[in-house]
Structures are given as structure tokens and as C-alpha cells.
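I opened this notebook to record, step by step, what I looked up in the structure. My entries follow the order in which I went through it.

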Amino acid sequence: MSSRVVVIGVGNPLRGDDGAGPAAVEALRGRVPEDTVLAVSDGEPARMLDLWRGADTVVVVEALRTRPARPGALHTLTPAEAAGHAPGTASTHAIGLGECIALAEALDRLPPRLVVHAVEVADVGLGARLSEAVRSSLPELTERAAASVRQAYARTP
């Protein structure tokens, strides 16, 4: 039996720290087994559900907005924790990951294992680059995602 593992970097690289998810996915290339699906998404729920269809493990790498903000701080969230954030706080997108998870639950399309690795943001302005705080945390964020991928394959008999 083989395991389908999908890593989704959610975000927009043209909006500063919102590009952390896509940057982490790019950094994973060559560091995870080649049959791992590496994808970038804008976070739109229907596209997210389509990306993780049939996956045994989904790793989402996301930018996180918190109050008070601690730019660069890393979090690992369960689906319940991500879904439990107030709309607009667990993501930098209008429709956040929490809403996506709620939709997946309602449609019985949650993968068997879903883990979210997130970094708190400083600046998501259009045209901005990754802030120093987020850029500095990117290696650890990428390593956390890689570790989740390794754990997923280790579970496969």
C-alpha cells in the first residue's frame, strides 16, 4: 500500500509575508520523496479540496494573522485548531483555512491526516517582500513541513 502525501503552500508571493507558504513549498523541492505532491494555492476552498482529493496526508503551509502579532513565530495546528480561529485570523485570505476545513468536514472530504504549519506575518501589502522575521523563520517552517512528510511516509506499511 502506498501513501499519497500532498503539501500545499497557501498564499500569494506578491503580497509580502503571504508568500511564506509558496516559499516553503519551493524550498521542499528535492528534500521530500519525489512522489510527494507539492502545490501552491490561493486558498480558495474548492481548489484546496481538489488538491487534497485522495490524499492520505495533507500538509498545509500557511501565513497566520494573530493579535497581538509576533511576526516569524511558528505554529503547528490540528484541523480543529485551524478551524477554531475566528474568520480572517487563521489566514491572510478573505476565506480562510478554517472555512475550508469546515466545508471539507461538511462534504466528508477531510483527508485522514491534515497538519497545518503556519508562520505569523508582519506585512502582507501588495508588492512587499517577505519580512526579515518571516524570512528568518522560513528554514524552520520548511523543516517542520519536511518532518511531517517524513512522518507520513513512515506510517505507510
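Entry one. The model I am reading is a predicted one, and I began with strand β5 (residues 113–120), which runs antiparallel to β4 and is joined to it by four bridges.

Entry two. I then traced the whole sheet, which is open, has five strands in the order β2-β1-β3-β5-β4, and shows mixed pairing. Its edge strands are β2 (37–41) and β4 (74–77), each of which pairs on one side only. Ignoring direction, I noted that neighbouring strands of this sheet are turned against each other by 20 degrees on average.

How do α2 and α4 pack, and at what angle? Helix α2 (residues 45–52) and helix α4 (residues 97–106) have axes 9 Å apart and pack at about 60 degrees, and they are therefore oblique to each other. In their contact, Pro 45, Met 48, Leu 49 and Trp 52 of α2 meet Leu 97, Cys 100, Leu 103 and Ala 104 of α4, which by class makes eight nonpolar, no polar and no charged residues.

Last, I checked Val 58, which is found in strand β3 (residues 57–64) and is buried, with a relative accessible area of 0%. Beyond its neighbours within four places in sequence, Val 58 has contacts that include Val 6, Ile 8, Trp 52 and Leu 114.

Key. Residues numbered from 1 in each chain as written. Predicted model: local features only at pLDDT ≥ 70, side-chain atom pairs only at ≥ 80, totals over all residues. Heavy atoms only, no water. Axes fitted to C-alpha atoms, helices over the stretch in contact; angles between N-to-C directions. Helix = DSSP H or I, 4+ residues; strand = E, 2+ residues; numbered from the N terminus. Parallel < 35°, antiparallel > 145°, perpendicular 65-115°, else oblique. Contact = heavy atoms within 4.5 Å. Nonpolar A, V, L, I, M, F, W, Y, C, P; charged D, E, K, R; others polar. Buried < 20%, exposed > 50% of the residue type's maximum accessible area, 1.4 Å probe, protein only. Pairing = 2+ DSSP bridges.
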